Every structure is written in structure tokens, then in C-alpha cells.
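Subject: A structure for you to look through

Hi there,

Here is the structure I promised to pass on to you. Please open it beside this email and follow along as you read.

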Amino acid sequence: AAVVELVFNSDLVADENNSELGTQTVPVYRGEVEFIRLEDWQKELRLLVEECSTQEKQVYARTPDADRQPDAAAAWQKIDQVYGKGCMERNCLRSSDSVYLDLANNRRVRQLLTATVPGQSYNSIIVRSGEVDPMSEEAKELLRGHSQRKSKTKSKLKRLAQDFRRRLIHMFTAAATVTVPRHGR
């Protein structure tokens with residue numbers, strides 16, 4: 001997942017003539033996270049697992065050294081980021097094909113990367129933090145430049161930004177907390 005675009009929340013500047021937002025609150029921070037397509041991830045995953053494997057198609061016995069094997073170390077780390085810390089260590093010396101199949105069929109990752117909107121080829125998740133009435137004085141204060149805002153508003157925005165960041169981290173941590181079976185060596 002990657003931040004694709006960061007745009008101004010235009011709903012904060014609704015006017016009295018906009019009946020759609022008249023009584024609704026809008027998020028102060030709103031982000032849409034777009035995920036890679038499942039098929040594209042599975043192709044990349046195949047390459048990542050191969051990068052972490054010997055010529056005999058067995059996952060390395062230990063974490064690759066970043067100085068001596070930078071590509072393998074980066075691949076190992078990326079898999080651990082998606083499937084949870086220690087994932088690759090639990091799969092040391094296993095067949096590359098078996099590891100790939102286990103990871104490619106992981107229920108949580110498949111669910112996260114499978115499009116949920118008909119006609120859309122990727123999945124996305126909306127993340128929100130804070131709420132404000134778009135026609136309120138508070139909304140107008142939020143729209144002022146940083147140097148023109150009251151210190152109370154600056155503090156609130158900082159808290160909301162931290163909350164937004166925590167929500168993103170929690171969402172990805174929850175999505176990446178996957179169970180990969182530990183196999184005997």
C-alpha cells in the first residue's frame with residue numbers, strides 16, 4: 001500500500017447552499033489507501049521468496065546480511081513487513097514453493113488485496129480522523145494558514161494528525177498480523 005495522493009478536504013468549505021452537507025459532520029483528516037492488486041502481489045511475492053532462497057529452492061537458513069546480500073535482505077524484510085515479523089525465520093530451510101504457496105494463500109492478505117467494489121481491480125480503505133461541521137467557526141479556523149491559527153487549534157490538529165497516523169498503523173498492523181504455520185526443520 002502506498003499514499004497515492006494527498007488532497008485538500010474540500011468538504012470543510014461547504015457553504016449554506018450545499019444541502020448535501022447541511023447537517024453532516026466531515027472528517028478533518030481523510031485518506032484513501034489503495035492496495036496493490038492481489039495478482040500483482042502474488043507475482044512479486046514469487047520473486048521475493050526466490051530472492052530469499054538457495055539455488056536448491058530452499059529458503060535461506062538465516063536472515064540474509066544486508067551488506068553481502070542487499071537484494072535478499074530487502075526481500076526478506078518486505079515479506080516480514082507484510083506477513084509479520086519473524087515470518088521468514090519461521091520458514092528457514094523450507095521449500096521455496098511451499099513457502100510461496102502458504103503466503104500466497106494467506107486469508108488475511110488475500111482479503112485485504114481483493115477488490116470489494118464491483119468493477120474495481122484493487123481494494124482501498126478509507127481512514128478518517130476528527131469530525132467538524134463544515135459550516136462552523138471551527139471549520140473556518142481549521143482552514144486558516146498555520147501562522148494565523150490559534151494555538152488551541154494547532155494543538156487539536158496535531159492530536160488529530162497523530163490519531164490519523166495511529167489509525168493507519170493499527171489498520172496495517174492488524175492486516176499484517178497473520179499466522180504462518182511453523183514447520184519442523
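Let me begin with the contacts across the whole chain. Counting those with a separation of 6 or more, 70% are between residues 24 or more positions apart. Please keep in mind that this is a predicted model.

How many helices and strands does the chain have? There are seven helices and two strands, and along the sequence they come in the order β-α-α-α-α-α-β-α-α. Of the 185 residues in the chain, 35% are buried.

Next, a word on confidence. The chain has a mean pLDDT of 83, with 81% of its residues at 70 or more. Helix 4 has the highest confidence, at 98, while the lowest is found in helix 7 (residues 151-176), with a mean of 78. Please be careful with residues 176-185: the pLDDT there is below 50, although in the model this stretch has 25 contacts beyond near neighbours in sequence.

Now for the helix packing. Two packed helices are described by the angle between their axes and by the distance between those axes.

Helix 1 with helix 2

Helix 1 covers residues 38-51 and helix 2 covers residues 70-83; their axes come within 8 Å and cross at roughly 130 degrees. Why are the two called oblique? An angle over 145 degrees would count as roughly antiparallel and one from 65 to 115 as roughly perpendicular, so with a crossing of roughly 130 degrees helix 1 and helix 2 are oblique to each other. Their crossing is left-handed. On the helix 1 side, the residues that meet helix 2 are Trp41, Glu44, Leu45, Leu48, Val49 and Glu51. Their partners in helix 2 are Asp71, Ala72, Ala75, Lys78, Ile79, Val82 and Tyr83. Sorted by class, this contact of helix 1 with helix 2 has nine nonpolar and four charged residues, and no polar ones.

Helix 1 with helix 4

Helix 1 also packs against helix 4 (residues 96-104), at an angle of about 145 degrees and with the axes 10 Å apart. Which hand does this crossing have, left or right? Helix 1 passes helix 4 in a right-handed crossing. Helix 1 brings Gln42, Leu45, Arg46 and Val49 to this contact, and they meet Ser96, Asp97, Val99, Tyr100, Leu103 and Ala104 of helix 4. The contact of helix 1 with helix 4 is made up of six nonpolar, two polar and two charged residues.

Apart from neighbours within four places in sequence, Gln42 is in contact with Tyr100, Ala104 and Arg110.

Two residues in loops

Lys57 is not a glycine, yet has a positive phi of about 65 degrees. Look for Lys57 in the loop between helix 1 and helix 2; with a relative accessibility of 46%, Lys57 counts as partly exposed. Leu93, also not a glycine, has a positive phi of about 70 degrees. Leu93 sits in the loop between helix 3 (87-90) and helix 4. Its relative accessible area is 40%, so Leu93 is partly exposed.

Enjoy exploring, and write back with any questions.

Best wishes

Key: Residues numbered from 1 in each chain as written. Predicted model: local features only at pLDDT ≥ 70, side-chain atom pairs only at ≥ 80, totals over all residues. Heavy atoms only, no water. Axes fitted to C-alpha atoms, helices over the stretch in contact; angles between N-to-C directions. Helix = DSSP H or I, 4+ residues; strand = E, 2+ residues; numbered from the N terminus. Parallel < 35°, antiparallel > 145°, perpendicular 65-115°, else oblique. Left-handed = near helix turned anticlockwise from the far one by under 90°. Contact = heavy atoms within 4.5 Å. Nonpolar A, V, L, I, M, F, W, Y, C, P; charged D, E, K, R; others polar. Buried < 20%, exposed > 50% of the residue type's maximum accessible area, 1.4 Å probe, protein only. pLDDT = per-residue confidence, 0-100.
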